[in-house]
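Please open the model in a viewer and keep the selection panel at hand.

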Number of protein chains: 2
Amino acid sequence: MQLSAIEARLIEAAIELFGRDGMDAVGTRAIADAAGAQMSAITYHFGGKEGLYLACARHIAAEMRERWAPLLERTSAASAADSGAAEARAAIVAMLSGFAAIMMKDDTARTARFIVREQMNPSPAFKILFEGAMQPGLQRMDELLQRIAGRRLPPDQLRVRALALLGQVLAFRFARATLLRATGWESVGEAETRIIQGIIVAHTHAIVSELEQGVHS
Amino acid sequence: MQLSAIEARLIEAAIELFGRDGMDAVGTRAIADAAGAQMSAITYHFGGKEGLYLACARHIAAEMRERWAPLLERTSAASAADSGAAEARAAIVAMLSGFAAIMMKDDTARTARFIVREQMNPSPAFKILFEGAMQPGLQRMDELLQRIAGRRLPPDQLRVRALALLGQVLAFRFARATLLRATGWESVGEAETRIIQGIIVAHTHAIVSELEQGVHS
DNA sequence: GTCTATAGTCGGATAGAC
DNA sequence: GTCTATCCGACTATAGAC
């Protein structure tokens with residue numbers, strides 16, 4: 001799927017505006033203006049506002065897959081059947097730490113807003129985002145947790161644990177306004193990201209260790 | 001601040017619609033219809049759409065304060081200066097477990113959507129929500145964590161830890177679509193809430209224990 | 001492919017009857 | 001306090017010039 005220059009600009013602008021104000025609240029004129037294009041270009045290239053919205057979802061899914069890729073590669077060995085619990089634990093910590101680094105970057109904010117809207121009010125775009133962007137990471141987390149917990153936990157409990165672990169990271173993106181107000185920080189730069197990562201690592205380590213011991217006992 | 005019947009109906013309808021579609025995407029006519037009122041009633045009672053929006057924020061803040069109140073009362077003794085780490089740990093677990101119970105209820109969905117919008121795109125309403133609804137709970141979490149960590153952690157680290165703990169719970173509310181898809185659940189009823197609470201309790205216990213030991217060592 | 005012009009609908013605010 | 005009627009601007013979509 002090769003995009004022309006104008007299509008790329010329209011998608012970038014639309015992700016920003018759809019994310020900030022929601023699909024219904026954004027005018028096609030505002031998107032076109034922000035992209036330096038004519039409103040009718042949206043009709044021509046995407047068939048209308050809804051087509052542009054779905055194109056945004058596909059773009060975001062592809063971008064997320066790219067960002068996850070290194071983390072998934074690095075942890076693939078640890079999820080294999082012949083690896084031990086210690087390796088799996090290290091892989092989980094690495095995934096969440098890496099995920100935190102991705103999510104704290106400023107340029108993730110636009111896509112995150114878009115995704116959260118779909119979470120709370122799913123449209124056909126949600127399927128694209130879930131299968132393209134979230135499924136792979138969740139599945140890897142599942143595999144790693146299973147290497148630690150064995151078969152003692154039912155599958156839905158594994159998934160809930162995976163979501164709770166990821167949720168710690170997500171909160172710093174979703175509840176950004178509260179984070180800034182509660183800490184007094186002006187923004188989340190490198191120093192703040194390191195603090196967050198350190199705490200995510202400590203929490204994850206504690207949780208996974210407990211899971212390991214809980215299963216052994 | 002006593003509300004007339006029509007004001008109450010308008011606020012209820014507006015929270016639902018503003019939460020689902022966002023302030024800009026909802027028409028005053030749609031709100032009025034849902035409330036069984038005339039559009040001009042919004043102008044008359046709230047001065048306009050924005051006034052209604054702020055009234056929604058105040059209403060939500062008051063409702064949240066009410067829901068938090070029992071948890072804050074029950075944990076106030078444990079946050080006092082003469083209580084021990086074990087009491088504080090139990091209080092933290094109780095707070096998060098209770099918070100999970102509140103957040104999993106279906107009728108929290110509307111207000112949660114409204115709040116998440118303000119998180120990602122703060123308007124003047126955010127201050128109302130933060131100070132009225134979030135500040136008290138966060139502060140109590142802070143106090144309890146401090147009883148455990150002593151003075152070894154700088155204040156912003158305490159707050160980040162508090163947010164990470166709360167984030168686990170929040171994720172199940174604002175990533176609801178992912179939760180349902182990842183688990184295959186059809187809804188989050190009592191049985192599912194118990195599973196989530198159990199995992200929150202286990203995770204919280206692990207995190208707080210680690211914090212306790214980390215400080216002692 | 002890119003533009004302008006226009007059609008038809010719906011947005012919020014408000015004046016004035018009752 | 002509650003209603004109707006109306007203003008004016010913004011919306012999406014589309015037809016047609018170039």
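Two residues are taken to be in contact if their C-beta atoms, placed from the backbone, lie within 7 Å. The model is a predicted one.

Begin by selecting the residues through which chains A and B touch: chain A contributes 49 residues to the contact, and chain B contributes 49 residues. On the side of chain A that touches chain B, the elements giving two or more residues are α1 (5–21), α6 (108–120), α7 (124–149), α8 (155–174), α9 (176–183) and α10 (190–216) of chain A. Highlight α8(A), which gives the most to this side, with 14 residues. Colouring the side of chain A by class shows 27 nonpolar, eleven polar and eleven charged residues.

Next, move to chain B and select helix α4 (residues 49–74) and helix α6 (residues 108–120). Their axes lie 11 Å apart, and the two helices of chain B pack at an angle of about 120 degrees. α4(B) is therefore oblique to α6(B). The crossing of α4(B) past α6(B) is left-handed. Display the side chains here: B:Cys56, B:Ile60 and B:Glu63 of α4(B) meet B:Thr111, B:Phe114 and B:Ile115 of α6(B). This contact comprises four nonpolar, one polar and one charged residues.

Terms used
Residues are numbered from 1 along each chain as its sequence is written. Chains are lettered from A and ligands numbered from 1 in the order in which they are written. This is a predicted model: local features need pLDDT of at least 70, side-chain atom pairs count only at pLDDT 80 or more; totals for chains, interfaces and linings use all residues. Helices (H or I, at least four residues) and strands (E, at least two) are DSSP runs, numbered from the N terminus. Ala, Val, Leu, Ile, Met, Phe, Trp, Tyr, Cys and Pro count as nonpolar, Asp, Glu, Lys and Arg as charged, and the others, Gly among them, as polar. Axes are lines fitted to C-alpha atoms, for helices over the stretch in contact, and angles run from 0 to 180 degrees between N-to-C directions. Angles under 35 degrees count as roughly parallel, over 145 as roughly antiparallel, 65 to 115 as roughly perpendicular and the rest as oblique. A crossing is left-handed if the near helix is turned anticlockwise from the far one by less than a right angle, and right-handed if clockwise.
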